[in-house]
Amino acid sequence: MLIPLHRFALKAAALSEVLQLVVSDSVASLDLRGRKVGRAGITALSHALSSNTALTALDLHDAAIHDDDVLVLSTALLEHGRCQSLDLGANGLGISAARALAPLFLLQPGDAHGNDFDEYGPPVRHVRLAGNAIDAAACSTLLSVGQQGATVALESLSLAFNRLGERGGAALGSAMGSMPVITMLSIHGCAIGPRGACALASTIAASSLVHLDLSDNGIGDTGAQGVAANMPERLEELMLGRNGIGAAGVSALADVLGRRRRVSLRLLSLHANRLRDDAIEPLAHCLVRGGCGGVVGWWDGGVGVGGVVVWWGR
(Lines give C-alpha, C1' and ligand atoms only; values in the text may rest on other atoms or scores of the structure.)
Protein backbone atom coordinates (compact mmCIF):
# COMPACT_ATOMS: atom_id res chain seq x y z
CA MET A 1 0.00 0.00 0.00
CA LEU A 2 1.23 3.49 -0.84
CA ILE A 3 1.22 5.95 2.04
CA PRO A 4 1.63 9.64 1.11
CA LEU A 5 3.95 11.22 3.66
CA HIS A 6 3.06 14.82 4.45
CA ARG A 7 4.98 17.38 6.44
CA PHE A 8 2.80 17.07 9.53
CA ALA A 9 3.65 13.39 9.74
CA LEU A 10 7.37 14.02 9.46
CA LYS A 11 7.66 16.41 12.38
CA ALA A 12 7.47 13.55 14.86
CA ALA A 13 9.20 10.96 12.70
CA ALA A 14 12.92 10.33 12.74
CA LEU A 15 14.57 10.35 9.33
CA SER A 16 15.53 6.70 9.82
CA GLU A 17 11.83 5.81 10.21
CA VAL A 18 10.97 7.73 7.07
CA LEU A 19 13.67 5.94 5.08
CA GLN A 20 12.36 2.56 6.23
CA LEU A 21 9.11 3.44 4.47
CA VAL A 22 11.11 4.26 1.34
CA VAL A 23 12.96 0.94 1.52
CA SER A 24 9.70 -0.99 2.01
CA ASP A 25 8.04 0.70 -1.00
CA SER A 26 5.38 2.18 1.29
CA VAL A 27 5.67 5.74 0.07
CA ALA A 28 5.06 7.24 -3.39
CA SER A 29 5.50 10.90 -2.41
CA LEU A 30 8.17 11.93 0.08
CA ASP A 31 7.98 15.43 1.60
CA LEU A 32 11.13 16.44 3.50
CA ARG A 33 10.54 20.16 3.03
CA GLY A 34 12.23 22.19 5.75
CA ARG A 35 13.92 19.16 7.31
CA LYS A 36 17.67 19.56 7.78
CA VAL A 37 18.51 16.45 5.82
CA GLY A 38 22.16 17.30 5.13
CA ARG A 39 24.86 15.03 3.70
CA ALA A 40 24.17 12.09 6.01
CA GLY A 41 20.47 12.14 5.16
CA ILE A 42 21.10 12.34 1.41
CA THR A 43 23.50 9.41 1.60
CA ALA A 44 20.96 7.36 3.55
CA LEU A 45 18.15 8.34 1.18
CA SER A 46 20.24 7.38 -1.83
CA HIS A 47 20.84 3.92 -0.35
CA ALA A 48 17.13 3.56 0.43
CA LEU A 49 16.21 4.37 -3.18
CA SER A 50 18.15 1.34 -4.40
CA SER A 51 15.43 -0.87 -2.85
CA ASN A 52 12.48 1.29 -3.90
CA THR A 53 10.27 1.12 -6.97
CA ALA A 54 7.33 3.27 -5.81
CA LEU A 55 8.66 6.80 -5.22
CA THR A 56 7.53 9.27 -7.88
CA ALA A 57 7.79 12.64 -6.07
CA LEU A 58 10.53 13.98 -3.79
CA ASP A 59 10.45 17.36 -2.00
CA LEU A 60 13.78 18.53 -0.53
CA HIS A 61 12.98 22.24 -0.49
CA ASP A 62 15.08 24.00 2.17
CA ALA A 63 16.65 20.73 3.31
CA ALA A 64 20.18 22.03 4.04
CA ILE A 65 21.78 20.19 1.15
CA HIS A 66 24.63 21.40 -1.05
CA ASP A 67 25.96 20.90 -4.57
CA ASP A 68 28.02 17.83 -3.61
CA ASP A 69 24.95 16.24 -2.03
CA VAL A 70 23.01 16.74 -5.27
CA LEU A 71 25.61 14.69 -7.16
CA VAL A 72 25.02 11.77 -4.77
CA LEU A 73 21.25 12.16 -5.02
CA SER A 74 21.19 12.53 -8.82
CA THR A 75 23.20 9.35 -9.29
CA ALA A 76 20.72 7.47 -7.13
CA LEU A 77 17.70 8.98 -8.90
CA LEU A 78 19.10 8.12 -12.32
CA GLU A 79 19.48 4.50 -11.25
CA HIS A 80 16.09 4.53 -9.52
CA GLY A 81 14.40 5.80 -12.67
CA ARG A 82 10.91 6.37 -11.24
CA CYS A 83 10.94 9.79 -9.55
CA GLN A 84 9.14 12.19 -11.89
CA SER A 85 8.84 15.28 -9.64
CA LEU A 86 11.72 16.89 -7.75
CA ASP A 87 11.84 20.04 -5.60
CA LEU A 88 15.29 21.27 -4.54
CA GLY A 89 14.36 24.89 -3.92
CA ALA A 90 15.99 27.16 -1.32
CA ASN A 91 19.20 25.17 -0.91
CA GLY A 92 21.72 27.64 -2.34
CA LEU A 93 22.56 25.34 -5.26
CA GLY A 94 24.75 26.50 -8.14
CA ILE A 95 26.50 25.27 -11.26
CA SER A 96 27.88 22.01 -9.79
CA ALA A 97 24.38 20.96 -8.78
CA ALA A 98 23.10 21.96 -12.24
CA ARG A 99 25.74 19.75 -13.85
CA ALA A 100 24.74 16.82 -11.65
CA LEU A 101 21.03 17.25 -12.37
CA ALA A 102 21.23 17.68 -16.15
CA PRO A 103 21.32 13.94 -17.03
CA LEU A 104 18.03 13.43 -15.17
CA PHE A 105 16.19 15.45 -17.80
CA LEU A 106 17.77 14.13 -21.00
CA LEU A 107 16.22 11.64 -23.36
CA GLN A 108 18.75 8.90 -23.92
CA PRO A 109 19.39 7.19 -27.27
CA GLY A 110 16.55 4.78 -27.94
CA ASP A 111 13.98 6.69 -25.88
CA ALA A 112 10.81 7.79 -27.60
CA HIS A 113 10.40 11.48 -28.34
CA GLY A 114 7.48 13.68 -27.35
CA ASN A 115 5.19 12.47 -24.59
CA ASP A 116 5.72 8.76 -25.22
CA PHE A 117 8.73 8.15 -22.98
CA ASP A 118 9.73 4.57 -22.48
CA GLU A 119 9.44 3.03 -19.03
CA TYR A 120 12.97 3.76 -17.91
CA GLY A 121 13.76 7.28 -18.81
CA PRO A 122 14.31 10.02 -18.37
CA PRO A 123 13.06 9.97 -14.77
CA VAL A 124 12.46 13.60 -13.75
CA ARG A 125 9.89 15.56 -15.76
CA HIS A 126 8.92 18.25 -13.23
CA VAL A 127 11.60 20.20 -11.37
CA ARG A 128 11.47 23.15 -8.98
CA LEU A 129 14.71 24.97 -8.25
CA ALA A 130 13.34 28.26 -6.93
CA GLY A 131 15.44 30.37 -4.59
CA ASN A 132 18.87 28.92 -5.33
CA ALA A 133 22.07 30.47 -6.73
CA ILE A 134 21.56 29.50 -10.37
CA ASP A 135 23.03 32.05 -12.77
CA ALA A 136 23.19 32.12 -16.56
CA ALA A 137 26.05 29.61 -16.76
CA ALA A 138 24.31 27.22 -14.39
CA CYS A 139 21.10 27.55 -16.38
CA SER A 140 22.91 26.63 -19.60
CA THR A 141 24.51 23.65 -17.88
CA LEU A 142 21.22 22.50 -16.35
CA LEU A 143 19.47 22.46 -19.72
CA SER A 144 22.41 21.08 -21.72
CA VAL A 145 22.62 24.18 -23.93
CA GLY A 146 25.12 23.62 -26.71
CA GLN A 147 25.06 19.83 -26.40
CA GLN A 148 24.42 18.60 -29.92
CA GLY A 149 21.31 16.47 -30.28
CA ALA A 150 20.23 16.94 -26.66
CA THR A 151 16.50 16.63 -25.97
CA VAL A 152 15.42 17.85 -22.55
CA ALA A 153 12.24 16.04 -21.53
CA LEU A 154 11.10 18.43 -18.80
CA GLU A 155 7.40 19.22 -18.74
CA SER A 156 7.61 21.90 -16.03
CA LEU A 157 10.47 24.00 -14.69
CA SER A 158 10.60 26.63 -11.96
CA LEU A 159 13.72 28.77 -11.66
CA ALA A 160 11.99 31.57 -9.76
CA PHE A 161 14.12 33.86 -7.59
CA ASN A 162 17.47 32.84 -9.04
CA ARG A 163 20.31 34.97 -10.44
CA LEU A 164 19.61 34.46 -14.13
CA GLY A 165 19.91 38.05 -15.32
CA GLU A 166 19.79 39.05 -18.97
CA ARG A 167 22.15 36.27 -20.04
CA GLY A 168 20.03 33.73 -18.22
CA GLY A 169 17.01 34.81 -20.24
CA ALA A 170 19.07 34.29 -23.39
CA ALA A 171 20.23 30.87 -22.12
CA LEU A 172 16.64 29.81 -21.63
CA GLY A 173 15.89 31.02 -25.13
CA SER A 174 18.70 28.85 -26.47
CA ALA A 175 17.32 25.85 -24.57
CA MET A 176 13.69 26.13 -25.69
CA GLY A 177 14.30 24.38 -28.99
CA SER A 178 15.50 21.28 -27.16
CA MET A 179 12.51 21.19 -24.75
CA PRO A 180 9.66 19.96 -26.99
CA VAL A 181 7.24 18.99 -24.21
CA ILE A 182 7.65 21.80 -21.69
CA THR A 183 4.29 23.27 -20.74
CA MET A 184 5.10 25.28 -17.60
CA LEU A 185 7.98 27.74 -17.11
CA SER A 186 8.42 30.08 -14.14
CA ILE A 187 11.26 32.59 -13.86
CA HIS A 188 9.55 34.95 -11.46
CA GLY A 189 11.99 37.45 -9.94
CA CYS A 190 15.10 36.57 -11.96
CA ALA A 191 16.04 40.07 -13.23
CA ILE A 192 16.15 39.08 -16.89
CA GLY A 193 15.22 42.61 -18.03
CA PRO A 194 13.93 43.67 -21.46
CA ARG A 195 16.72 42.04 -23.48
CA GLY A 196 16.53 38.75 -21.62
CA ALA A 197 12.75 38.70 -22.05
CA CYS A 198 13.04 39.37 -25.79
CA ALA A 199 15.72 36.69 -26.20
CA LEU A 200 13.50 34.14 -24.49
CA ALA A 201 10.33 35.31 -26.21
CA SER A 202 11.88 34.98 -29.66
CA THR A 203 11.99 31.18 -29.19
CA ILE A 204 8.62 30.39 -27.61
CA ALA A 205 6.16 30.92 -30.47
CA ALA A 206 6.17 27.25 -31.53
CA SER A 207 6.58 25.87 -28.01
CA SER A 208 4.15 23.78 -25.98
CA LEU A 209 3.96 26.36 -23.18
CA VAL A 210 0.63 26.61 -21.38
CA HIS A 211 1.86 28.59 -18.34
CA LEU A 212 4.56 31.29 -18.44
CA ASP A 213 5.51 33.36 -15.38
CA LEU A 214 7.77 36.35 -16.08
CA SER A 215 6.64 38.39 -13.06
CA ASP A 216 8.98 40.86 -11.36
CA ASN A 217 11.71 40.87 -14.00
CA GLY A 218 11.74 44.52 -15.06
CA ILE A 219 10.96 43.63 -18.66
CA GLY A 220 9.12 46.93 -19.36
CA ASP A 221 7.23 47.73 -22.53
CA THR A 222 10.02 46.36 -24.72
CA GLY A 223 9.88 42.94 -23.08
CA ALA A 224 6.09 42.88 -23.10
CA GLN A 225 6.12 43.69 -26.82
CA GLY A 226 8.53 40.82 -27.43
CA VAL A 227 6.34 38.40 -25.50
CA ALA A 228 3.21 39.62 -27.29
CA ALA A 229 4.79 39.15 -30.72
CA ASN A 230 5.73 35.54 -29.97
CA MET A 231 2.92 34.37 -27.68
CA PRO A 232 2.31 30.62 -28.16
CA GLU A 233 -1.14 29.81 -29.53
CA ARG A 234 -1.89 27.37 -26.72
CA LEU A 235 -0.74 29.63 -23.85
CA GLU A 236 -3.41 29.74 -21.13
CA GLU A 237 -1.68 31.58 -18.27
CA LEU A 238 0.63 34.57 -18.65
CA MET A 239 2.04 36.28 -15.56
CA LEU A 240 3.54 39.74 -16.18
CA GLY A 241 3.07 41.48 -12.82
CA ARG A 242 5.60 43.97 -11.40
CA ASN A 243 7.43 44.58 -14.65
CA GLY A 244 7.13 48.30 -15.26
CA ILE A 245 4.80 47.70 -18.19
CA GLY A 246 2.91 50.73 -19.49
CA ALA A 247 0.35 51.50 -22.14
CA ALA A 248 2.66 50.53 -25.02
CA GLY A 249 3.19 47.03 -23.67
CA VAL A 250 -0.52 46.49 -23.05
CA SER A 251 -1.32 47.85 -26.49
CA ALA A 252 1.01 45.27 -28.05
CA LEU A 253 -0.77 42.47 -26.17
CA ALA A 254 -4.14 43.82 -27.31
CA ASP A 255 -2.99 44.07 -30.93
CA VAL A 256 -1.78 40.48 -31.05
CA LEU A 257 -4.75 38.99 -29.23
CA GLY A 258 -7.17 41.08 -31.23
CA ARG A 259 -5.96 39.47 -34.46
CA ARG A 260 -6.52 35.92 -33.23
CA ARG A 261 -9.71 34.10 -34.10
CA ARG A 262 -9.58 32.15 -30.86
CA VAL A 263 -7.85 33.15 -27.62
CA SER A 264 -6.54 30.35 -25.39
CA LEU A 265 -5.52 32.74 -22.61
CA ARG A 266 -7.45 32.18 -19.38
CA LEU A 267 -5.26 34.02 -16.88
CA LEU A 268 -3.41 37.25 -17.54
CA SER A 269 -1.67 38.97 -14.63
CA LEU A 270 -0.62 42.57 -15.10
CA HIS A 271 -0.79 43.57 -11.45
CA ALA A 272 1.48 46.25 -9.97
CA ASN A 273 2.26 47.81 -13.35
CA ARG A 274 0.46 51.09 -12.55
CA LEU A 275 -1.81 50.84 -15.56
CA ARG A 276 -4.81 53.08 -16.09
CA ASP A 277 -8.28 51.76 -16.81
CA ASP A 278 -8.27 53.29 -20.31
CA ALA A 279 -5.15 51.23 -21.17
CA ILE A 280 -6.63 47.98 -19.88
CA GLU A 281 -10.11 48.17 -21.36
CA PRO A 282 -9.08 47.67 -25.04
CA LEU A 283 -7.17 44.55 -24.01
CA ALA A 284 -10.20 43.16 -22.20
CA HIS A 285 -12.38 43.83 -25.25
CA CYS A 286 -9.88 42.02 -27.48
CA LEU A 287 -10.09 38.97 -25.23
CA VAL A 288 -13.87 38.98 -25.43
CA ARG A 289 -13.80 39.27 -29.23
CA GLY A 290 -11.25 36.46 -29.36
CA GLY A 291 -13.77 34.07 -27.89
CA CYS A 292 -12.34 33.70 -24.40
CA GLY A 293 -15.01 31.85 -22.45
CA GLY A 294 -13.47 31.91 -18.98
CA VAL A 295 -11.99 34.22 -16.39
CA VAL A 296 -8.76 35.81 -17.54
CA GLY A 297 -7.69 37.07 -14.16
CA TRP A 298 -8.64 38.82 -10.98
CA TRP A 299 -7.22 41.61 -8.89
CA ASP A 300 -8.57 44.33 -6.61
CA GLY A 301 -9.98 47.09 -8.81
CA GLY A 302 -9.92 44.92 -11.95
CA VAL A 303 -11.91 46.02 -14.95
CA GLY A 304 -14.61 43.63 -16.14
CA VAL A 305 -15.81 43.54 -19.73
CA GLY A 306 -18.42 41.03 -20.84
CA GLY A 307 -17.60 38.58 -18.05
CA VAL A 308 -13.84 38.77 -18.62
CA VAL A 309 -11.77 40.19 -15.79
CA VAL A 310 -8.18 41.28 -16.36
CA TRP A 311 -5.66 41.12 -13.53
CA TRP A 312 -3.68 44.31 -13.32
CA GLY A 313 -3.78 45.99 -9.90
CA ARG A 314 -2.28 49.35 -8.97
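## Helix 7 and helix 8

Helix 7 (residues 165–176) packs with helix 8 (residues 193–201) at an angle of about 0°. Their axes lie 7 Å apart. The two helices are therefore roughly parallel to each other, since an angle under 35 degrees counts as roughly parallel. From helix 7, the contact uses Glu166, Gly169, Ala170, Leu172, Gly173 and Met176. From helix 8, it uses Arg195, Gly196, Ala199 and Leu200. By class, five residues of this contact are nonpolar, three are polar and two are charged. All of this describes a predicted model.

Helix 7 has twelve residues. From its first C-alpha to its last it reaches 17 Å, close to the 16 Å expected at 1.5 Å a residue. Which residues of helix 7 are buried? They are Gly165, Gly168, Gly169, Ala171, Leu172, Gly173, Ala175 and Met176. Their cover includes helix 6 (136–142), strand 5 (156–158), strand 6 (184–186) and helix 8. Gly169, Leu172, Gly173 and Met176 are among the buried residues, and these four also take part in the contact with helix 8.

## The whole protein

The protein has eleven helices and eleven strands. Of its 314 residues, 55% are buried. Now take the contacts between residues at least 6 apart in sequence. Among these, 80% join residues at least 24 apart.

Strands of a sheet pair through backbone hydrogen bonds, either parallel or antiparallel. Leu212 has Leu238 of strand 8 as its bridge partner.

## Helix 9 and helix 10

Two packed helices are described by the angle between their axes and the distance between the axes. For helix 9 and helix 10, the angle is about 5° and the axes are 8 Å apart. That makes helix 9 roughly parallel to helix 10. Helix 9 brings Asp221, Ala224, Gln225, Ala228 and Ala229 to the contact. Helix 10 brings Ala247, Ala248, Gly249, Ala252, Leu253 and Val256. How many residues of this contact are nonpolar, polar and charged? Eight are nonpolar, two are polar and one is charged.

Helix 9 has its own buried residues: Gly220, Gly223, Ala224, Gly226, Val227 and Ala228. They pack against helix 8, strand 8 and helix 10. Ala224 and Ala228 are among these buried residues, and both also meet helix 10.

Ala247 lies in helix 10 (residues 247–258). Leave out residues up to four places away in sequence, and Ala247 touches Asp221, Leu275 and Ala279. Asp221 belongs to the helix 9 side of the contact with helix 10. Ala247 and Asn273 are 26 residues apart in sequence. In space they are 9.7 Å apart, C-alpha to C-alpha.

Gly41 sits in helix 3 (residues 38–49). Is Gly41 buried or exposed? Gly41 is buried, because its relative accessible area is 4% and buried means under 20%. Gly41 and Asp69 are 28 residues apart in sequence. Their C-alpha atoms are 9.4 Å apart in space.

## Two residues with positive phi

Most residues other than glycine have a negative phi. Ala90 has a positive value, near 55°. Where is Ala90? Its place is in the loop between strand 3 (85–87) and helix 5 (95–101). Ala90 is partly exposed, with a relative accessible area of 30%.

Asp216 also has a positive phi, near 55°. Asp216 lies in the loop between strand 7 and helix 9 (220–229). At 35% relative accessibility, Asp216 counts as partly exposed.

Note on methods:
Residues are numbered from 1 along each chain as its sequence is written. This is a predicted model: local features need pLDDT of at least 70, side-chain atom pairs count only at pLDDT 80 or more; totals for chains, interfaces and linings use all residues. Side-chain values use heavy atoms; hydrogens and water are left out. Axes are lines fitted to C-alpha atoms, for helices over the stretch in contact, and angles run from 0 to 180 degrees between N-to-C directions. Angles under 35 degrees count as roughly parallel, over 145 as roughly antiparallel, 65 to 115 as roughly perpendicular and the rest as oblique. Contact means heavy atoms within 4.5 Å. Ala, Val, Leu, Ile, Met, Phe, Trp, Tyr, Cys and Pro count as nonpolar, Asp, Glu, Lys and Arg as charged, and the others, Gly among them, as polar. Two strands pair if DSSP finds at least two bridges between them. The expected span of a helix is 1.5 Å times one less than its number of residues. Buried means under 20% relative accessible area, exposed over 50%, partly exposed in between (1.4 Å probe, protein chains only).
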